[in-house]
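These are my notebook entries on a structure that was new to me. I set down what I looked up, topic by topic.

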Amino acid sequence: MRTHRLRAAASATLLGALVLAGPGTSAASSAETPVKVTVNANAGLATMPDTGLGINDAIWDKELGTTAVSDLLKNAGVRMIRYPGGSYGDIYHWKDHTAPGGYVAPDTDFDTFMAAVKRTGAQPMIIANYGTGTPEEAADWVRSANVTKKYGVTYWTVGNENYGNGHYGAEWEADNHPDKSPTAYANGVVAFADAMKAVDPGIKVGAVLTMPGNWPDGIVAGGDPATWNQTVLTVAGSKIDFVDLHWYPGGSTAAESLARPEQIADAVYMAREQIARYAPADAGRIGISLTETNVGVGPNTQPGALFLADAYSGLLENGVFTVQWWNVHNGIGTVSTVAGQTDYGDFGLLSSGTCLADGTTCEPPLNTPFAPYHGLAMMNAFVRPGDRFVRAGTDDPLVTAHAARRPNGDLAVLLVNKDPDNARTAAIAYTGYTPATDAPAVHSYVNGGTGVTTAQTGTAKSQTLPPYSLTTLVLHPANQVTGAPGAPGRPAASAVTDRTATLSWPAAAAGGNPVAKYELHRQNGAIDEQLGETTGTSFTVANLTPGTRYTVNVLARDTAGKVSQPSPPLTFVTGSPATSTCTVRFNGNGDWGNGYVAGVDITNTGPDAIDGWTLTFDWPTAWQRMNGGWNATWEQNGRTVKATSLSSNGRLAARGGSVSVGFVAGYTGPNILPPVFTLNGTVCHTP
C-alpha cells in the first residue's frame, strides 16, 4: 500500500465536472426476512465535531490548489484537509518547498494550499517534519503561518508514521536521527512542542501512535523499555493535545474489508485506555485524530464508499475529532472488477486520469469522482457539525446502522447494506424518539451510481435497501417537545469495584418545569437498560458483573414528565474482587503484533485444598483466540476459554497452593486482555 500512497499523479489532465445523476435504484430480490434495525435516541454518543469530515492532500498532486478540486471537496462537506501528504511530511521542507527524494508538483506550496483550504471552507492539519527536519524549522513554520500571515492554523502533528523508520524491522518513513527508538521520537515530540508553542501557545500539537490491534502495537523492540504507544505517552503526554492514528484494516476480500469497522469501538476504547494509563494527568484533554484510512479491496468502487461511510461514522460516534481519507488523488494501480464495476486500484477520492504503463487501461477523466467521494457526500447528508450521534444497531451482520440527532429535533439514520447481490428490507424501531408519519427524505447511493439521489420514499419504519448501498433517512419528530430539561453533564465514575460503581454528574438545567429525577441508562448495543434513578446528582450502582465494560448515559425527567436528551456517555470497567479464595496473575509476554505467549499463575488462597480445578475466562472481543497451551487441557468455545487440570497438577493446597499454566494467544483486531478469571466457579482476585 505504501507505493500507492506515494504515487505522484503528475501526468493527469484537468477536468472539473461533477455528475450528479445516478442510475435507477431498482434492486435484486429482497432477502426474505426483514432486517431489524434499532435506533435508541436515549443512548447518546459523541457530538459531531466541526473537523469531522477530513481528507489528505499532497504536494505531489498538481491539482492540490485548483478551484475544481476545492469545489468538489466543499460540495462533499470536507471540513479538514491534511498537508503536505503522508510520508512526504517527513521529507518536506516548507521554506524552500522541497522534498528531497520525492516529487513536488508545481503550484502546491503552503500558501496555495491555504488558499484552497479557505475556498473549501475547511481547517488545515499540518505535518511538521520530524524525520528530516528540526524543532526550529517547525517553529518557523508556525511563526510564518500564524504570526506573519495570520492563517490561524491550529492543528500540527509531529511526523507521520515514524514507527515505520526501521526500528521494528520495516522501513518506509524517513528518519535521519541516529536513535530511531520510541524514546527518541517521544523526546523529539517534547522538543517540537516546546519550540512550536513558544511561537503560538494556542496551537494544538499531536504525537503519532499506532492504532491498537495494528502493527507494531504491542511489540517491544530490543533495548526498549516498552511499546511505542506507552513510551510516547509516558514521555510526551504532558506536551501534546492529541494523538494521531492511521488505520488500514486490510482484508483479502471485499467482505472481509467491510467487516473491519466492527473493530472500531474496541480500538478507540483501547487508545483511550492507553492514554489514561500512561498519561493520566492529561488524559481528559488529549484528543484522538485518525488521519489516514482506506479500504483493503475495491478502493475506488462500492466497497470504498461503504467502508468510508461505515468507518467515518463509527470513529466519529466514538469521539475521534477528525477522520481523513487517503487521498484526494493517488493514481492507477492494479485494475480489477469489483461487484460489476471497474476498480482501478486507486486510493484517491477523485480520478487522476492516469493509465497503466502499457496504455491498455485508463482511468476516467481527471477529477471524476470515484465511489468513496459519494460515500463522503453521503456522510455530509447524514451528519453535520453539532449533531449528536446516538446508538443504532441491526440483527444482520451485512447491514450496519448509525444515527444522529440534530439540534432542530430531526433524526438521521444511515443504513449500510454490504450484500453485493441482495436488497434488504429494513424494519426500524425507535426508542426515545417518535418520528412523524409522513414519508421521510431518503438519500441513496447505489452500486455504480454517479451521485447521491434524494427522494421521499418508504416510511420511517420500513425501507428497502438496494444491494451494496448507502441509505440515509432524515426524519422529523411527530411532535416538537418544548420546555424539556437540558441534558445532564458528562458523568464520572468513582469507587469502582467488581460489583459496584458510584456515578456523579453535573445537574441538568431546568426547562419549563423543575427537574424531578435523573435516570441512569446502560447501553447494551442499541438496547438500553435502566440501572437506577435518583433525585440527586450521584448514584451508586450495584449488582454489576466483574470485569465488564459499561457505557452509561444520564437523562433528566421533570415534574411534567418531559425527558431531556442524554448526557455525554461514560465508559468504565468493573474489576475483580478485592478478596477471594483464589488469585490469578495473567502475563502476556513477547507480543509479535498478532499474538503472544500468555502465562497464567493460579493460587488457591482459600482455607480448603482443591482437588481438580477448572479455570475459565471470556475474551473481551470476537477476534481473540487461544492457539494451544500447556500444563492443562485447553479448549475454546465462542469467546469462552476453559483450562482443566491434569492428573499431575490438580491438587492445590490450602492457603497458597499454586500452579502455572499457559497458552499461545492470537488476535486479528484490538487485543483487550481478559479482565477476570473464575476457578471452579469462583471469581478470583486478579492483581
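Entry 1: I began with the cut-off: a residue is called buried when its relative accessible area is under 20%. I located Met626 in strand 31, which covers residues 624–630. I then asked which residues Met626 touches, leaving aside those up to four places away in sequence. I found Trp619, Trp634, Glu635, Gln636, Val641, Phe663 and Val664. I also looked up the distance from Met626 to Gly662, which is 36 residues away along the chain. Their C-alpha atoms are 9.9 Å apart.

**Entry 2: confidence.** I noted that the model is predicted. The protein chain has a mean pLDDT of 94, and 95% of its residues reach 70 or more. For residues 1–30, however, I read a pLDDT that stays under 50. The model gives this stretch 81 contacts beyond four places in sequence.

Entry 3: I traced a closed barrel of 8 strands, in the order 2-3-4-5-6-7-8-9, and recorded its pairing as parallel. On average, neighbouring strands of this sheet are turned by 25° against each other, direction ignored. I next looked up how strand 2 (residues 53–56) meets strand 9 (residues 322–325). These two pair in the parallel sense, over 3 bridges. Within this pairing, I found Trp325 of strand 9 as the bridge partner of Ile55.

**Entry 4: two helices.** I turned to helix 9 (residues 302–317) and helix 10 (residues 371–382), and asked at what angle they pack. The angle is about 35°, and the axes lie 7 Å apart. I recorded the crossing of helix 9 past helix 10 as right-handed. From helix 9, the contact draws on Gln302, Gly304, Ala305, Leu308, Ala309, Tyr312, Ser313 and Leu316. Helix 10 contributes Ala371, Pro372, Gly375, Leu376, Met379 and Phe382. Sorted by class, the contact between helix 9 and helix 10 has 10 nonpolar residues, 4 polar residues and no charged ones.

Entry 5: I found an open sheet of 3 strands, ordered 20-21-24, with antiparallel pairing. Which strands stand at its edges? They are strand 20 (492–494) and strand 24 (538–541); each has a single partner strand, so one side of each lacks a neighbour in the sheet. I noted an average twist of 25° from one strand to the next. Strand 20 pairs with strand 21 (residues 501–504) in the antiparallel sense, over 3 bridges. There, I identified Ser504 of strand 21 as the bridge partner of Ala492.

**Entry 6: strand 28 and its partners.** I asked why strand 28 (residues 595–604) is described as largely enclosed by the rest of the structure. The reason is that 7 of its 10 residues are buried. I looked up strand 27 (residues 582–589), which runs antiparallel to strand 28 and is joined to it by 8 bridges. In this pairing, Arg585 stands opposite Asp601 of strand 28. The hairpin of strand 27 and strand 28 has 5 residues between the strands, and in it I noted a positive phi near 65° for Gly590. I then followed strand 28 to strand 35 (residues 657–667), with which it pairs in the antiparallel sense over 10 bridges. Here I recorded Val659 of strand 35 as the bridge partner of Ile602.

Note on methods
Residues numbered from 1 in each chain as written. Predicted model: local features only at pLDDT ≥ 70, side-chain atom pairs only at ≥ 80, totals over all residues. Heavy atoms only, no water. pLDDT = per-residue confidence, 0-100. Contact = heavy atoms within 4.5 Å. Axes fitted to C-alpha atoms, helices over the stretch in contact; angles between N-to-C directions. Helix = DSSP H or I, 4+ residues; strand = E, 2+ residues; numbered from the N terminus. Left-handed = near helix turned anticlockwise from the far one by under 90°. Nonpolar A, V, L, I, M, F, W, Y, C, P; charged D, E, K, R; others polar. Pairing = 2+ DSSP bridges. Buried < 20%, exposed > 50% of the residue type's maximum accessible area, 1.4 Å probe, protein only.
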